[in-house]
Amino acid sequence: MVATETFPIFDVLAIRRDFPILHQEVNQFLVAFLDSGASSQRPRQVIECLEDYYRRYHANVHRGVYKFSEEATFAYERARGKVARFVGATSPREIVFTRNATEAINLVAYAWGRANVKAGDRILLTIMEHHSNLVPWQMLAQQTGAHLDYLTIDGQGRLVLDDLDRLLTEQTRLVALTHQSNVLGTINPVSEIAQRAHAVGALMLVDGAQSVPHMPTQVRDLGIDFLAFSGHKMCGPTGIGALWARRDLLEAMPPFLGGGSMIKVVELEQSTYADIPARFEAGTPAIAEAIALGEAIDYLSNIGLDTIHHHEHMLLQYALEQLSQVPGLRIHGPTSAEERGAAISFSLEKVHPHDIAAFLDSQGVAVRAGHHCTQPLHRVLQVPATTRASFYLYNIPEEIDRLVAGLVKVKQLLG
Amino acid sequence: MQDFYCEHVLEHFKYPSNYGALDHPTVSHEEHNPLCGDRIRLDLLIENDIVKDIRFSGQGCVISQASASILTDEIKGKTVEAAKLFGKAELLEQIGIPLEKSPVRLKCALLSLKALKVCLYGVADILEEEWS
């Protein structure tokens with residue numbers, strides 16, 4: 001057993017004090033929250049930011065000329081600036097607020113896709129995509145007559161890049177892939193694939209839902225064209241996410257949803273549309289959530305994404321080591337911590353993931369069980385469902401010890 | 001473990017009643033839960049409006065498999081009319097674990113009941129509200 005003190009990177013116990021929810025008991029145990037891959041928890045700073053907005057200056061944005069509205073507009077746009085800096089955008093105009101990564105990807109599929117993808121074109125995906133980066137492209141392909149291609153994985157859960165030569169063609173319009181698999185934990189070589197995509201004239205969209213919260217992400221360094229991510233996986237509220245898109249692409253894209261705020265002049269038969277990013281933000285946005293996402297970004301940035309990544313990496317190494325000692329346990333995805341992020345899915349011989357998760361819950365340990373919105377991947381793995389433990393900045397090695405102890409026990413009882 | 005899954009549920013999981021298949025079932029149906037991959041198949045032999053024999057097969061979590069075992073014990077020997085009256089409340093009472101607050105686990109528990117209803121009514125697309 002490794003004690004928390006041997007993790008000297010930062011004061012994780014001080015971090016934990018910022019998260020009220022982590023001090024609750026579940027089934028008479030202090031909760032061990034190991035499901036941040038599905039949704040993270042929020043520090044009090046973010047919770048207070050939401051409350052402060054509603055108590056002090058709530059009003060609609062981009063409309064009123066009174067104090068509340070001006071203050072709300074200022075805070076909303078300042079949050080856009082924080083998001084832009086966080087991912088290394090050239091301008092805040094390259095950031096469109098969406099509900100989540102799913103909506104950001106759908107925005108690209110609808111607005112860019114319907115204007116740029118036609119019958120016979122190809123879109124390259126990977127077998128490890130979350131349904132959010134798969135179904136929108138299926139819908140686009142069905143409507144336009146485009147084809148979908150898939151990169152597959154090897155036995156260690158890594159993309160088979162040798163297939164790129166064959167699958168990237170002159171007809172490929174877009175490569176859409178996840179930076180980090182939400183199941184396998186695999187971190188994909190995004191820059192390399194982006195270069196290969198650009199070489200055949202295809203654009204590159206990255207689903208950053210599992211990576212942006214956990215490691216420094218700079219879109220220019222990655223050399224990509226679109227990045228989608230969610231606020232609720234990075235200590236922000238639910239209902240807010242963002243799309244980053246290269247400015248020239250965004251400028252050329254037709255609108256997504258129609259309505260208020262996204263127009264310049266509305267006539268009876270036609271309208272002219274607002275400049276970016278307003279063109280893609282029809283209707284009253286999630287103002288409080290956007291502002292609080294900015295607060296979450298401040299919180300994470302003050303600690304440092306490098307530091308957070310390093311902390312998670314140590315937890316990951318420890319977890320891989322401990323889990324590999326559980327009899328009958330099989331880890332899906334890379335066994336080397338260097339190739340993966342801090343989400344570990346596994347199967348335990350003869351014990352169903354629901355029973356594992358329910359038993360761990362009885363011990364106060366929260367993990368995810370199911371197909372994690374990746375049915376095609378689970379078909380490749382040949383298991384109907386898996387159990388996943390995922391870590392974030394507030395997790396400690398003692399929680400991994402409790403996970404492992406619970407797994408050993410449930411195996412004895414049901415295996 | 002007793003306070004996790006009560007003992008009789010574990011017994012049904014480890015030593016299920018009526019597990020297997022019938023050679024000449026009157027009616028069969030298989031239900032899936034796409035969320036977790038649970039699968040329950042029911043075979044019913046109906047003679048003179050009585051469920052003379054019933055078997056289940058499949059795979060899944062303790063709740064889904066134990067529930068199927070409990071359900072087959074209850075249904076075997078009942079008239080078709082009586083079997084139709086066996087519903088959610090009756091099954092949950094027999095399972096004995098409070099699942100009402102856990103919608104995900106409730107689906108596991110009711111998978112076998114859904115298969116039974118499809119067998120008895122012969123409708124594959126029973127709306128969820130009608131059986132849950």
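What follows is a chat about reading the contact between two chains, and two single residues, in a predicted model.

Colleague: Before we start, what are the ground rules?

Modeller: This is a predicted model, where local features need pLDDT of at least 70 and side-chain atom pairs count only at pLDDT 80 or more, while totals for chains, interfaces and linings use all residues. Residues are numbered from 1 along each chain as its sequence is written, chains are lettered from A and ligands numbered from 1 in the order in which they are written, and side-chain values use heavy atoms, with hydrogens and water left out.

Colleague: How many residues of chain A are in contact with chain B?

Modeller: Contact means heavy atoms within 4.5 Å. Here 13 residues of chain A touch 19 residues of chain B.

Colleague: And how much area do chain A and chain B bury between them?

Modeller: Buried area is the accessible area (1.4 Å probe) that two parts lose on being put together, summed over both. For this pair that comes to about 1,200 Å², with 66% of it on carbon and sulfur atoms. On the chain A side, A:His354, A:Asp355 and A:Leu414 lose the most area to chain B, together 41% of what that side buries.

Colleague: Which side chains meet in a salt bridge?

Modeller: A salt bridge needs a side-chain nitrogen of Lys or Arg within 4 Å of a carboxyl oxygen of Asp or Glu. The count between chain A and chain B is 1. B:Arg105 and A:Asp355 pair up this way, at 3.5 Å from N to O.

Colleague: Which helix of chain A gives the largest share of the side that touches chain B?

Modeller: Helices are DSSP runs (H or I, at least four residues), and strands are too (E, at least two), numbered from the N terminus. Helix 12 (353–362) and helix 14 (397–414) of chain A each supply at least two residues of that side. The largest share, 5 residues, comes from helix 12.

Colleague: Now single residues. Why does A:Met314 count as partly exposed?

Modeller: Buried means under 20% relative accessible area and exposed over 50%, with partly exposed in between (1.4 Å probe, protein chains only). A:Met314 counts as partly exposed because its relative accessibility is 24%. You'll find A:Met314 in helix 11 (residues 305–323) of chain A.

Colleague: Where is A:Phe29, and what does A:Phe29 contact?

Modeller: A:Phe29 sits in strand 2 (residues 29–30) of chain A. A:Phe29 is partly exposed too, at 34%. Beyond neighbours within four places in sequence, its contacts include A:Gln24, A:Gln363 and A:Arg402. A:Gln363 is 334 residues away in sequence, yet 6.3 Å away in space, C-alpha to C-alpha.
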